[in-house]
Amino acid sequence: MLRLITILIIASLISCGENINNSNPPMKESKIKAQLANNVAPIAKKVDKMLTIHDDTRNDQYYWLNERGNQDVIDYLNNENTYTNGLLKPLESRVESIYEEMIGRIEQKDVSVPYKENGYFYLNKYEEGKEYRIYSRKKENLDAQEEIILDVNELAEGHSYYAAGGLRVSPNNKILAFGQDTVSRRIYTIRFKDLTTGEMLEDEIPQTTGGAVWANDNKTIFYTVKDASLRSYKIFRHVLGTDSKNDQEVYHEADETFGTFVYKTKSKKYIVIGSFQTLTSEYRILDADDPMGSFKLFEPRNKADKLEYSISHYDDKWYVRTNYKAENFRLMSTPLNATGKENWTEVIPHRPDVLLEGVDIFKEFMVV
């Protein structure tokens with residue numbers, strides 16, 4: 001990424017006629033042109049492909065480039081890379097010097113602010129000379145012995161690209177779930193690590209968004225998968241020790257204008273499935289102690305009225321941030337067993353001149 005940024009900076013400076021002051025003398029324009037004379041840009045072939053949508057038909061002659069496994073596509077992309085490398089070769093020394101300068105200005109040792117979760121302080125850090133994060137935790141207090149839960153540098157070995165994210169530890173603090181992407185498409189395989197032994201479990205779940213939500217039984221998770229357009233559209237349930245091919249679908253967002261996601265409330269008592277569109281939302285809830293149960297609809301979507309809301313659980317109520325009968329948003333609440341909007345009551349009065357900012361409003365009157 002840094003090399004790409006450097007290349008873009010240099011290209012921008014050169015196009016503006018700026019001079020880069022470093023130890024490398026500027027290269028004459030004639031010499032650059034001479035080096036580039038034999039560097040010919042590849043031309044993608046044209047293949048007729050008729051596409052019809054909304055009663056309109058068009059010919060997309062480059063549609064074949066969507067075929068990621070096609071050797072012709074791979075060869076064309078390699079030729080593009082070769083052409084790009086040749087085009088930038090005259091700038092190689094400058095790129096390297098600026099890259100080294102940028103690296104020299106970055107703090108090589110960096111540690112996040114720790115946060116406490118279920119009896120442990122969690123933090124992540126970078127070590128000098130290493131490219132990826134190291135995730136760790138300390139039990140009960142910050143003076144305790146540090147336990148490395150995931151060293152991404154080790155996992156990245158042998159991969160030209162590697163990303164890890166969505167780390168979630170089971171309620172009993174024994175198993176780590178995390179997402180792994182090795183192709184840079186934001187499509188993750190969920191993996192599991194036994195934190196008591198340090199060994200990776202055999203369970204692997206491909207084609208996900210990377211996040212796993214634990215039920216309270218320490219063996220069941222809920223996760224989201226993407227369709228061909230990378231829209232999050234289905235929620236599945238997985239039980240550790242079983243084949244992910246047999247995972248049960250618990251929700252399918254059939255409306256292509258909506259996406260879906262799943263999370264656990266801060267109270268740790270409910271699993272929530274959300275569906276969202278630009279101006280409409282919808283939620284379903286399930287007791288986290290009953291992972292094999294059925295999700296209950298909180299309030300159905302209403303695209304006509306453009307109903308937006310989000311929900312959080314605390315004590316014996318659901319708290320709802322919503323634009324229901326409000327020009328902007330207001331905070332309402334409802335008993336656990338009476339979730340329909342006809343049962344919502346106002347907690348913070350509606351003020352048309354104020355747009356409430358997410359769940360931070362809870363800090364004004366309660367500790368979550």
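This is a predicted model: local features need pLDDT of at least 70, side-chain atom pairs count only at pLDDT 80 or more; totals for chains, interfaces and linings use all residues.
Residues are numbered from 1 along each chain as its sequence is written, and side-chain values use heavy atoms, with hydrogens and water left out.

**Stop 1: β12 and its partners**

Now widen the selection to strand β12 (residues 220–226) and strand β13 (residues 232–239), which pair in the antiparallel sense over seven bridges. Two strands pair if DSSP finds at least two bridges between them. Strands here are DSSP runs (E, at least two residues), and helices are runs too (H or I, at least four residues), numbered from the N terminus. Another pair to click is Thr-220 with its bridge partner in β13, Val-239. The two strands form a hairpin with five residues between them, and in the turn you'll find Leu-230 with a positive phi of about 70°.

Next, bring in strand β11 (residues 200–214), joined to β12 by four bridges and running antiparallel to it. Thr-208 has Val-225 as its bridge partner in β12. This is a hairpin as well, with five residues between the strands; Asn-218 in its turn has a positive phi of about 65°.

Stay on β12 and show its side chains. Are they buried or exposed? Seven of its seven residues are buried, meaning under 20% relative accessible area with a 1.4 Å probe, protein chains only (exposed is over 50%, partly exposed in between). Thr-220, Phe-222, Thr-224 and Lys-226 point one way, while Ile-221, Tyr-223 and Val-225 point the other. In a regular strand the side chains alternate between the two faces of the sheet.

**Stop 2: the seven-strand sheet**

Zoom out to the open sheet ordered β8-β9-β10-β11-β12-β13-β14, with antiparallel pairing. At its edges stand β8 (163–169) and β14 (248–252); each has a single partner strand, so one side of each is left without a neighbour in the sheet.

**Stop 3: the four-strand sheet**

Move on to another open sheet, β15-β16-β17-β18, again with antiparallel pairing. Its edge strands, β15 (259–264) and β18 (296–299), each pair on one side only. Six bridges join β15 to strand β16 (residues 270–276). Select Phe-261 and you'll see Gly-274 of β16 opposite.

**Stop 4: a hairpin and a core**

Pick strand β6 (residues 134–139) and strand β7 (residues 146–151), an antiparallel pair with five bridges. Arg-137 has Glu-147 in β7 as its bridge partner. Six residues lie between the strands of this hairpin, and Glu-140 in the turn has a positive phi of about 70°.

Then select Leu-150, Tyr-162 and Phe-178. Of the 14 residues in the largest nonpolar core, these touch the most other members. Such a core is a set of buried Ala, Val, Leu, Ile, Met, Phe, Trp, Tyr and Cys residues joined through side-chain atoms within 4.5 Å. The elements giving two or more residues to this core are β5 (120–126), β7, α5 (152–156) and β9 (175–181), and α5 brings the largest share, three residues.

**Last stop: the whole protein**

Show everything: the protein has five helices and 22 strands. Of its 368 residues, 38% count as buried.
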